[in-house]
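Dear colleague,

I am handing over the structure that I have been looking through, and my notes follow below it. Please read them with the structure open beside you.

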Amino acid sequence: MLYRKIHIVGGPGSGKTYCAKKLETNTGLKSYDLDRVFWDQSKSTYVRASENLRSEKLEKILAKDSWIVEGVYYKWLEKSFDDADIIIILNPPVYLRQWRIFKRFLYRKFILLDFKKETFASFMEMFWWNQKFDKDNMIRIQSFISDYQQKIVFCKNYQEVVRVVNA
């Protein structure tokens, strides 16, 4: 495989975690969900981890010979973008992302039953944030990573990601 360090970024419900996990299974590269780095995992609600803890966790991941990192974040990830062999921007249509966010909420809330962080209020916040994501956050992400144009690839789904990674 051509790529040993893959950074996947995209809006909520874009399929980042799905793609990273499938790539992990098919390539043997370990995937890391940046939500687990950004949010304090010891809390039962969404509370940001301290910058020091976040930096520590990220440095441990990036020190490895290979990795797949995925998340919606960008401001504190310059080293990750710099170290990545490829940056995949997942950008499926908004309506599909909205559907996935809704399904994920239902699954976590009513199937898993132990995902206490998931509330109707957090679901609505995510839903409305996603609605404006492409015209706001995605523009800022693309501006932030503009120095890495030579390694940025846009994909709409996992099949496109596979084609790019296996090219």
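How many of the residues of strand β1 (residues 5–10) are buried? Six of its six residues are buried, where buried means under 20% relative accessible area, with exposed meaning over 50% and partly exposed in between (1.4 Å probe, protein chains only). Before going on, please keep in mind that this is a predicted model, in which local features need pLDDT of at least 70 and side-chain atom pairs count only at pLDDT 80 or more, while totals for chains, interfaces and linings use all residues. Residues are numbered from 1 along each chain as its sequence is written, and side-chain values use heavy atoms, with hydrogens and water left out.

In a regular strand the side chains alternate between the two faces of the sheet. In β1, Lys5, His7 and Val9 are on one side and Ile6, Ile8 and Gly10 on the other, and both faces are covered. Helices (H or I, at least four residues) and strands (E, at least two) are DSSP runs, numbered from the N terminus.

The sheet itself is open and has five strands in the order β2-β3-β1-β4-β5, with parallel pairing; two strands count as paired if DSSP finds at least two bridges between them. At the edges stand β2 (31–33) and β5 (152–155), each with a single partner strand, so one side of each has no neighbour in the sheet. Five bridges join β1 to β3, and Ile8 has Glu70 of β3 as its bridge partner. Five bridges also join β1 to β4, where Val9 is partnered by Ile89.

Finally, Arg54 lies in helix α3 and is buried yet has no salt bridge, the nearest side chain of opposite charge, Glu51, being 4.5 Å away. A salt bridge is a side-chain nitrogen of Lys or Arg within 4 Å of a carboxyl oxygen of Asp or Glu, and for charge Lys and Arg count as positive and Asp and Glu as negative, while His and the chain ends are not counted. Not counting residues up to four places away in sequence, Arg54 touches Val37, Phe38, Ala49 and Trp76.

With best wishes

Key
Contact = heavy atoms within 4.5 Å.
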